[in-house]
Amino acid sequence: MGIEQKLGDMGIVTLKLEQVVNWSRTYAMWPMLFGLACCAIEMMSAQASNYDMSRFGMELMRPSPRQSDLMIVAGRVSRKMAPVLRRLYDQMPDPKWVVSMGDCASCGGVFNNYAIVQGVDEVVPVDVYVAGCPPRPEALIHGIVTLHEKVKGEHFKDWA
Amino acid sequence: MDQQSAATLSEASLDEIKHLVSNRAIEGDTVLLNMGPQHPSTHGVLRLLLELDGETVINVIPDVGYLHTGIEKNMEAKTYTKAAVMTDRIDYLNTVGNNLVYCLAVEKLADLDVPPRAQAIRVILTELQRIASHLVWLGTHALDLGAMSVFLYCFREREFILDILEMCSGQRMMGTYIRPGGLWRDVPVEFEAAVRNFLKIFPARIDEYDALLTKNAIFLVRTQKIGVLSPEDALSWGVTGPPLRGSGVAHDLRKSQPYSGYEQYDFIVPTRTEGDTYARYMVRMEEMRQSVRIVQQAIDKLPYGPVRSNNRKYVSPPRAELATSMEAVIHHFKLWTEGFTPPKGSVYAAVESPRGELGVYLESDGSPKPYRVHWRTPSFVNMQILPLISKGVLVADLVALIGTIDIVLGDVDR
Amino acid sequence: MDEHLQSAVDALKERFAAQVSEFRGEVSLILVPECIVDACRALHDEFSFELLSEETAVDYWPQETPRFHVVYRVRSLRDNLILGLRVPLNGITPVIPSIVEVYKNANWFERELWDMFGIRAEGHPDLRRILMPYDWEGHPLRKDYPLGYEEVAFSFNQKEIDDRKPFAKE
């Protein structure tokens, strides 16, 4: 009793369209290069050969927001940078997700002062928060995998 | 507040810089292009306003401050030990160096002694950090010029160094391992074997990068005679580090004003005279080899002994003593609740970071919190020569020039 | 003290009535604002102090006279020396002559002084904010400027903080 019984002679697989679309979105999610500070170096390490992120479909990092679907906010966002961040987020086409990498992006981190936005969720809506200062590349990859789990449970009407 | 700044961002910038661009731009003859804060080649959030005549750059106006973190003001609100945590994040590629210069300033202010074993381990970690920083520089510089495999090789080497730092302090990058009075704790048993293993394999890897880049025809065309900096200009603009040594001035703080026991180690200071991008590349490659030499000597001569000073007013006593001595308990209590209080006065301590002269001006008013900490960061000063050396280059060369000055935006904006 | 340094210090002491102080092996001279440009020019041309290492300020609020001290540090590479200069300033928006003609890298240092402390550098070609946004009000590194921190969230006030915080909508 398996899928072969349902296949019949024609080799047709039936599946919900949402599952196929979500599956394809997770396996080819292109991050946008938005490394700001120290977390950017750990993001580059995660992209390099030891903790390869291209195993998860993120082969390239697109610097242009028009060609990417994931924004990894890696580093501290200062008050001068916040409008730029919002503008870049608005320029990304749907569907788009945001991973807030590191303590400074999630909650302001070590810096509780006039110059740093206390948590990037004051500027853009965040899907996954990754903690650490800076988070290990493995922690970032765990965050990405968590995002994949979230995307697999999405419905079409969320993005309509 | 964010929405209204977004509206004023573009208008304010053009009015403010009218006096900096040439008349041709205002007439519309040349193009004003924004190489924005988010760009793959600016090594962080740097905004450059370019005035272009076709593809040639006539003027570059840097706009910094997109990573300003207010570290100097924040350090005034914390005690000396807590402020040491923030020092890692200033130049995040040279975290051990930042800790070291802050601790040197505090030790100078408090007249604190540092045992020789701690000094030797400080030298080993600082030189390993220098190699790691130069590896990131090489990887990103080569990546900007088109050589992607060098980037992957450099980050592979860097993982060895990060493993050693993690072994000592528990954290790959922001260790805060160097504390006033010595180190946080002694290095573990695996440290020496790991360092020796690294020293055995690394010189061959530098030769690999040499083979890939040094005589590569494309690399030579893209870096020779680009961004020439004369020694007079370098001194007048206050440039230090590899850009100064690449222009012929042999000034290295490890040789002229040695700190932490550098006078015991035998190494040369590489200098070139051409002053172009290729000269700076050769200087940094040779610096990596010299760092290997210093670490080799330091680990061979590593003395035994304590790793923190005995001065109980600044360094807390070991925990075993707390069970027997009342004074130890009192010192521990004062240090943990109030923090130590150095005497009133101001000092300046400087080290040679991979980017240049990294200095801390520390002023104390007798309270447990620093009264004023100013970070003299090399990237802030070195950035000023970018408009000077990029007159008449192409936009693609500008990318190489940003890489060759080796700026880290955390350094520039603090 | 080193003899080259001693000769430079003596020359400045007699020409500009500088006061000398030494602490932990470092020499510092206190000068008045009017003669700082001439002093720097003398140090640069005659005594070969080629490099300006740093130029920063310290705020002594609530003490009003002097309110600020501007601190310079110059290095001589030929003789391997370092010398510090201090200039006391009074008032809410003090003015100091710019040393940009003598040491070119004072350009960004003085812009940072204006941005962070509100100290104007007279004769500076391009005085505008460098680290803070263009329309920022106030000078952050002054002692009467608040740190601007956010209240730390514990379990008893987490909900109130979250209700007050401006979370971003889509």
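The model is predicted.

**Exercise 1.** State how many helices and strands chain C has, give their order, and decide whether chain C is spread out or a compact globule.

*Solution.* 
Step 1. Chain C contains four helices and seven strands.
Step 2. Read from the N terminus, the order of these elements is α-β-β-α-β-β-β-β-α-β-α.
Step 3. The globule rule gives 15 Å for 170 residues, but the radius of gyration of chain C is 21 Å, well over that value, so chain C is more spread out than a compact globule.
Step 4. Along the principal axes, a box of roughly 65 × 35 × 30 Å holds the C-alpha atoms of chain C.
Step 5. Of the 170 residues in chain C, 56% are buried.

**Exercise 2.** Describe the interface of chain A and chain B by its residues, its buried area and its polar pairs.

*Solution.* 
Step 1. Contact involves 38 residues of chain A and 40 residues of chain B.
Step 2. The two chains, A and B, bury about 3,400 Å² between them, with 62% of it on carbon and sulfur atoms. Of the area that chain A buries against chain B, 17% comes from Ile41(A), Arg76(A) and Lys80(A), more than from any other three residues.
Step 3. The rule finds three salt bridges across this interface. In a salt bridge between Arg136(A) and Glu166(B), the closest N and O atoms are 2.6 Å apart.
Step 4. Polar contact across the interface of chain A and chain B comes to 13 residue pairs.
Step 5. On the side of chain A that touches chain B, helix 3 (38-47) and helix 4 (82-91) each supply at least two residues. By class, that side has 25 nonpolar, seven polar and six charged residues.

How values were computed: Residues are numbered from 1 along each chain as its sequence is written. Chains are lettered from A and ligands numbered from 1 in the order in which they are written. This is a predicted model: local features need pLDDT of at least 70, side-chain atom pairs count only at pLDDT 80 or more; totals for chains, interfaces and linings use all residues. Side-chain values use heavy atoms; hydrogens and water are left out. Contact means heavy atoms within 4.5 Å. Buried area is the accessible area (1.4 Å probe) that two parts lose on being put together, summed over both. A salt bridge is a side-chain nitrogen of Lys or Arg within 4 Å of a carboxyl oxygen of Asp or Glu. A polar contact is a pair of N or O atoms within 3.5 Å; within protein, one must be able to donate a hydrogen and the other to accept it, and residues adjacent in sequence count only if both atoms are side-chain atoms. Ala, Val, Leu, Ile, Met, Phe, Trp, Tyr, Cys and Pro count as nonpolar, Asp, Glu, Lys and Arg as charged, and the others, Gly among them, as polar. The radius of gyration is taken over C-alpha atoms; the globule rule is 2.2 Å times the number of residues to the power 0.38. Buried means under 20% relative accessible area, exposed over 50%, partly exposed in between (1.4 Å probe, protein chains only).
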